[in-house]
Amino acid sequence: MAATASAATSPYRGRKGEAFAALGAAAALVWLVTHVEPLVWSGPPETEIVLDGTRYRLEPEQVRELEVLSLEHFAAGEDAARALVAAQIDARLDAVFARARQRIPAFLDEHYSLRGEYARALVSAGALVGLADPSGLAERAAAKLLPEQEWADELARLEAAAAERLAAHRERLRAGWLAEVSARLEHRRVPAPLPGAREAPPALVIDDWLAELAAREQSAFAVRQTIGAATAIGAGALAPALARAAGFRAGRAAAARGAARGGARVGAAAGRVGPAAVGGAAVCAPGGPVAVICAVLAGAGAWLASDWALVRLDEALHRDDLERTLDAALGELRVRAEAELLAAYDALLAREQARVESEIRRTFVPAAAGRERVPSAAEKGKGP
Amino acid sequence: MTSGFGTVSRSVLLAVAMAGFAWLVHVYGCVLPDAVAAAAWLIIAISIGWGALRRARLRRAAFIGAYVRAGSGLSRWLRGRLLIPVRSALAGALLALVLVVSLVRLESREAWVVLAAGAPALVLGFRLAARALSAHIASGYLPVAAWRAAASAVGALMIAALVALAFHAPYPDLGDVGLERAVWHFVDAERARGATVQILLQLAAAADALRLWLAQQLMPAPGASMAEALGWLAVLAEEAVFVWSYLSYLCPAVLGGVTHGGDRIGGD
């Protein structure tokens, strides 16, 4: 009897259990669908970049590639800028030193003339008694070959032209970089956020970065700092070379030697003019008291003739040497000026390149870290 | 034809389990590799195809029983041994694709409550319909008739609920953007681990964007315009396809106990 009752109630219990299981499963499902969020696949962390108003999304590896590309591009640009500046310096110095060389014959004519000889003797004599600066002699001679004003003007023109060329070069550099980056990013375009959508700002706005870069470059190249070092070079630097070449000496001792040489010349002239004066006195003797004046004039004439002959002799013996020496001095000065200017521009370009490199690293390294892009829930949906 | 309490529970349990599987596809859909996603799609396709096959065979058997003499050779030709499975398999594959993509993209929790509730409701509706129609419909066709009645009633309620939820859901403002940007934005927002899954999600997102953009461009102001009606008809059609594929997926839980000849429901 009990077994029959148990057999009768067992299916009922089983069905009841199934019913409870079904109810429990349904309740569990409702709880799950209302409490568990679906998993979202975000992929590798990506970085949003804005370039020319267009948005791109890059993976960290691509950001690093962009950073390397930028560093290499601007480093190559710096080398090109150096070559450009070197060519500009070369052309400007060629022009200014060609003019200086054209002045050498006139300078030599002046140098091997009585006027030039007496002017140097006068300055040397004045230096002996402290009335003249002996170094001024060489400086004046140098200024005739390479006028200070012309040198300064030429350097100013060089600086302006170099700044203009560098600005154009940098502009081309940025344009080339922009084109290269745009080509690389072409397949990574993403749409701009919809109006009203709440999205995190892009990690890197290259448009702003480029504008900032251009502004800083402009201010860096606009500063007149390159000419400062180079203006010290010029006629002032040429003077010692000229002094060495032409026998100008600086200082009182040199002045004394110059004066002594002048005195010796006077003595020699006097020795030579003695017989001429005696002859002159003999010629003038019939004139009585006028003979003294006649003798002085004849002596002065003999002095001048002697000096003229000595200058001509000096010219014949040394003009070619002096011309070559002056040419070499100008060549040395040109090399020195070129080196100084190149060093000044190198320093400027190196500073600028270091700044650009720092900017690139400062900008791209945080961008490479990236940030995970999580689309807002309101962007996705069904229905109209 | 009978239906026991226990077998209903079993069917409900099976239907809830199948709904739970659909929810798992939703939860893990974006992070599944293509192979696993394909396996999920295959399971759902088999389920839908099996249900379609069962219903088609029941219909065909009822047709043959009603219109073809018992000894006729036509019954062998009309049994549809090849065409019905092929057609069911194709329908299963297609509807499973629609269902998997829709399940992964369905984000509304309320919509998921509707789907979860729809599973036991379909089973119970089927049992009620079978009981109500058993006095009027031939036993061979009764499972199909009961399925149609239950699927129509439950499906209509689900569609109404989903459309109501869609009506109140927030949408991005596409009024001031072009179609290309709208579609691009929607497509770009879809991310999935599997490349194929991502492409399917993006295609669905593009369709959503197109519909949403057209709705906001052609129907700027709510009102009784023809364009607005067409827009909501499109929503209705989309939800109908989604609900139909979901109910078809649950069909084995409903018809699982029906014998081939349709002589019993529940198997007890």
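Chain B contains nine helices and zero strands, where helices (H or I, at least four residues) and strands (E, at least two) are DSSP runs numbered from the N terminus. The model is predicted, so that local features need pLDDT of at least 70 and side-chain atom pairs count only at pLDDT 80 or more, whereas totals for chains, interfaces and linings use all residues. Residues are numbered from 1 along each chain as its sequence is written, and chains are lettered from A and ligands numbered from 1 in the order in which they are written.

Along the sequence, the pattern of chain B is α-α-α-α-α-α-α-α-α. Of the 268 residues in chain B, 44% are buried (20 or more other C-beta atoms within 10 Å of the residue's own, with C-beta atoms placed from the backbone). Among the contacts in chain B with a separation of 6 or more, 80% link residues 24 or more positions apart; two residues are in contact if their C-beta atoms, placed from the backbone, lie within 7 Å.

In chain A, strands β1 (residues 47-51) and β2 (residues 54-58) run antiparallel and are joined by five bridges; strands pair if DSSP finds at least two bridges between them. A:Ile49 has A:Tyr56 in β2(A) as its bridge partner. The two strands form a hairpin with two residues between them, and A:Asp52 in the turn has a positive phi of about 55°. β2(A) also pairs in the antiparallel sense with strand β3 (residues 189-190) of chain A, over two bridges, and A:Arg55 stands opposite A:Val190 in β3(A).

The contact between the chains takes 36 residues from chain A and 47 residues from chain B. Helix α1 (residues 2-35) of chain A gives the largest share of the chain A side, 14 residues.

Technical notes: Buried ≥ 20, exposed ≤ 12 C-beta atoms within 10 Å, placed from the backbone.
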